[in-house]
Amino acid sequence: MAAFWLNGEQQELDIEPEMPLLWALRDELGLTGTKFGCGIAACGACTVHVNGAAVRSCVTPVSAVEGMQVTTIEGLTQAVGTVEPGALTDVQRAWIDQQVPQCGYCQSGLIMAVSALLTENPSPSDEDIDRTVTNVCRCGSYPRVRKAIRSLASA
Amino acid sequence: MMLTRRRLLLSTAVVGGGVLLGYAATRPSRHRRANDSLAAAGQHYVTSWLRIDPDNRVSVYIPHAEMGQGVHTALAMMAADELDADWELVNVEQAPATDLFANGELVKGFATEFGLPGFLQGLVNVSAFKVAEVANLQITGGSSSVRFTGEHGMRTAGAAAREMLLQCAAARWDVPDSECYTSLSHVHHDASGRSAAYGDLAADAALLEPPASPVLKQPSQFTLMGKPISRRDIPAKVDGTAPYGLDAHLPGMLYAAVTTAPVFGSRVVSVDAADALQRRGVHRIVQLEDAVAVVADNYWRASEALKRIQVVFEQTDNDNVSSESIFAQYDRDLDSGSSKEDVEAGDTQAAMAAAVDIIEADYRVPFLAHAAMEPMNCTVHFHDGKAEVWTGTQDFLGTRGRVASLGDLNEEDVTVHFCYVGGGFGRRLPNTTNTIDQATLIAKEFDVPVKTVWSREDDMQHDYYRPAVTSRFRAGFDGAGHVTAWENRYIGQNTPPEAAHIPYAIPNQSIRYVDSDTHIPFGAWRSVAHSQHTFFLESFVDELAHRAGMNPFQYRMELLAEKPRYRKVLEVAADAAGWGRNVAEGRAMGIALQQSFGSIVAQIAEVSVASNGSLRVHKVTCAIDCGRAINPDTVASQVESGIIFGLTAALYGEITIADGRVQQGNFPDYEMVRLSDSPEIDVHIVESGETLGGLGEPATPPVAAAVGNAAYILTGRRIRELPFKNYDFTLPDILA
């Protein structure tokens with residue numbers, strides 16, 4: 001049995017405690033916005049927030065988030081206090097303004113990583129960004145990711 | 001160019017008619033068939049690719065996969081511009097994977113330009129595919145969507161529909177066509193003050209025969225083309241709702257994790273799955289010829305159970321093959337002297353004999369994997385004598401054919417659902433998507449949907465790889481220091497065939513290839529053979545420049561005296577980068593140039609050596625002549641993407657073979673450029689107004705040579721084998 005808060009609602013799942021959070025989200029709960037990329041925390045496609053911090057869910061067993069607040073891309077707007085249905089967060093809007101995504105597959109993870117960074121550090125330096133946002137984007141959206149973060153940091 | 005049997009087959013089919021579905025050939029019936037079979041009440045297909053609804057909304061059907069290259073938006077812009085549609089009223093739809101939406105313009109474009117493209121040739125080898133089915137394609141590859149489908153298909157469809165709508169309005173109002181005009185999804189007649197929405201005219205227009213040769217706009221008349229328009233696929237990609245193949249989530253679905261023979265071509269001998277079958281959620285073990293699958297109610301449970309399976313694979317003749325043995329084989333085959341003609345111009349042998357100076361160099365590159373971010377996957381549901389498929393693919397129709405063939409179904413009984421593609425780069429062409437085959441064979445054993453998922457390791461070790469290649473050069477100079485002879489011998493016939501050709505005015509050229517087959521599967525990898533040959537060619541040309549004691553930019557300019565488009569692109573890049581002017585202390589600039597897929601690209605890399613001995617690429621300045629930019633912002637993003645893809649390969653990319661199998665498995669040992677080592681990129685579009693060139697691939701080839709050429713200026717060391725990670729540039733002896 002695993003019990004945690006997911007996007008503001010309590011979840012109880014009859015699953016193995018060692019099941020990675022990623023697969024509980026995707027296969028058990030059908031929340032597919034969080035992506036599988038490498039399975040070893042090397043790419044960041046699976047990034048979610050646990051109690052507000054960016055965590056790679058592919059190596060995080062559900063037992064490690066027992067009783068905690070888990071936020072996925074589907075719950076991001078709600079988590080940052082944007083209440084209007086369908087509304088976007090500042091990060092998501094910046095992503096559209098800068099036309100960041102290409103294939104888009106890694107972008108949920110990138111947006112989750114950047115959102116956590118900016119919550120903690122609203123004006124990150126380039127070094128802060130390089131150290132914190134280590135996600136892989138095979139399409140190479142990096143120049144636009146940096147532009148989008150800068151547009152938010154200077155706002 | 002040699003007319004191979006495969007090319008001949010397609011040519012015959014094209015000449016015979018009925019296969020090449022160009023606009024004119026489809027004119028009598030295609031949109032009517034679409035209206036009969038697909039349109040709901042009130043909806044009308046006006047031409048094959050357009051549907052207009054009573055509420056005046058236009059839907060444009062795109063026969064290509066959206067994998068980040070912005071093709072859904074760009075092609076819709078092209079149709080909508082010619083249609084004079086209001087962009088706010090335009091929907092973008094994926095063309096269904098049915099014969100009605102097969103894309104003949106693509107075949108025609110390639111047939112005109114090159115003959116049958118390489119990425120189609122493999123398909124013809126699959127016995128179940130008849131030529132007719134091959135030509136019925138929706139392939140996304142060869143950087144072809146905008147320049148072929150868009151330029152010849154979408155624009156024509158939009159222009160034809162516009163003329164039909166205008167004719168209907170004129171007839172209804174009983175006024176001459178010439179007094180009417182179109183704007184923002186309406187036809188207007190100023191003299192009488194009348195206007196009609198396209199949605200009110202579509203029913204009548206659908207009864208007309210589309211004009212055979214509709215008049216296309218001149219660039220000065222464009223309202224959408226040439227403008228930076230926001231991509232339609234992006235909003236769903238920032239909130240997690242964009243559907244990828246891996247996201248198929250269906251009631252009662254099962255999940256398959258697979259272990260495939262580690263040595264390519266090996267087969268399963270025996271399986272011991274007793275432990276795996278005891279585990280929670282495991283339904284069944286499915287044995288295939290070369291693989292074993294565990295099917296469970298959750299992918300993690302399936303993959304955990306798979307770890308408990310003992311599989312014995314047969315030994316093969318390739319069990320001792322390694323990267324070293326492959327390169328040694330290449331050298332033996334190159335030494336053998338048996339080669340096939342690529343280019344023979346002038347008398348290279350005589351020019352070389354008369355040369356007063358000759359330089360020689362051998363270049364090599366390793367195998368490369370695609371490593372698309374979305375791991376390979378395919379969901380198939382067999383039910384009621386039919387099948388449904390969910391997968392990200394670069395060819396929806398080809399995928400349908402593949403599943404039908406392996407599933408013993410008629411193609412019409414297979415439905416391929418739309419999914420975005422989580423990275424293509426050539427990996428997801430159906431003739432090299434082994435996952436589709438496995439998923440079909442596994443799902444055939446069930447009446448519920450089964451999602452077959454490959455781990456990152458499965459993909460990296462069972463890809464269809466950019467081949468390892470060796471290329472040998474000799475160049476001869478005359479007494480005045482001019483290069484008079486160019487000799488190149490390389491491994492493997494090229495796709496595209498011109499990948500080893502040079503634009504430079506060297507009078508005597510002998511460019512030949514040597515066959516040297518390996519058991520490592522070959523696949524199209526972004527820019528295909530250009531990815532290696534541009535590194536070889538542009539590095540060796542740089543060697544010539546330095547031998548001649550000339551500035552590498554000026555040297556290229558002089559050898560391109562008769563090529564104004566190339567010169568312009570070089571000049572734009574050099575000006576923007578500040579070539580020869582703005583080089584910071586401790587840095588150097590390297591330049592490289594290539595034409596591929598119809599676009600000419602020059603890149604200048606600004607490089608330094610980091611304290612740990614690795615190369616640091618600070619900035620890449622790129623000029624590209626792609627004829628015209630349809631969506632300039634997408635052009636820029638494709639160029640940025642292509643450069644980072646090429647830079648990743650140049651700095652880190654290396655798949656090695658040992659014991660017949662791939663040694664790398666995941667990102668730590670097949671590293672990617674990330675934000676921290678991603679250079680600043682400055683893109684300049686050169687609008688020559690010439691025939692449209694491709695964009696998905698042309699920015700990838702030059703960057704490796706540009707970086708290597710900068711490293712030479714910086715360190716005096718010429719790197720002739722990639723990747724750069726294998727060298728310590730602070731050491732006096734370059735080999736780390």
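Among contacts in chain B between residues at least 6 apart in sequence, what percentage join residues at least 24 apart? In the predicted model, the value is 76%, where two residues are in contact if their C-beta atoms, placed from the backbone, lie within 7 Å. Because the model is predicted, local features need pLDDT of at least 70 and side-chain atom pairs count only at pLDDT 80 or more, while totals for chains, interfaces and linings use all residues. Residues are numbered from 1 along each chain as its sequence is written, and chains are lettered from A and ligands numbered from 1 in the order in which they are written.

Chain B contains 21 helices and 27 strands; helices (H or I, at least four residues) and strands (E, at least two) are DSSP runs, numbered from the N terminus. Of its 736 residues, 56% count as buried, a residue being buried if 20 or more other C-beta atoms lie within 10 Å of its own, exposed if 12 or fewer, and partly exposed in between, with C-beta atoms placed from the backbone.

An open sheet of mixed pairing in chain B is formed by seven strands in the order β10-β11-β8-β18-β15-β16-β17; two strands pair if DSSP finds at least two bridges between them. Strands β10 (282-287) and β17 (414-417) of chain B stand at the edges with a single partner strand each, so one side of each is left without a neighbour in the sheet. From one strand to the next, the twist averages 20 degrees. Four bridges in the parallel sense connect β16 (residues 386-390) of chain B with β17(B), and Ala387(B) is placed opposite Val414(B) of β17(B).

Helices pack on this sheet. Helix α11 (residues 299-306) of chain B touches β8 (254-260), β10, β11 (291-296) and β18 (450-453) of chain B, and its direction makes about 30 degrees with that of β8(B); axes are lines fitted to C-alpha atoms, for helices over the stretch in contact, and angles run from 0 to 180 degrees between N-to-C directions. Helix α14 (residues 396-407) of chain B lies across β15 (377-383), β16 and β17 of chain B, at about 140 degrees to β17(B).

Ala305(B) belongs to helix α11 of chain B and counts as buried because it has 23 C-beta neighbours inside 10 Å. Leaving aside residues up to four places away in sequence, Ala305(B) touches Ala276(B), Arg279(B), Val282(B), Val294(B) and Ala296(B).

Between the chains, 47 residues of chain B are in contact with 45 residues of chain A. On the side of chain B that touches chain A, the elements giving two or more residues are α11 and α20 (632-651) of chain B, with α20(B) giving the most, six residues. By class, this side of chain B has 23 nonpolar, 14 polar and 10 charged residues; Ala, Val, Leu, Ile, Met, Phe, Trp, Tyr, Cys and Pro count as nonpolar, Asp, Glu, Lys and Arg as charged, and the others, Gly among them, as polar.

In chain A, strands β3 (residues 47-50) and β4 (residues 53-56) run antiparallel and are joined by four bridges, with Thr47(A) opposite Arg56(A). Two residues lie between the strands of this hairpin, in which Asn51(A) takes a positive phi near 50 degrees.
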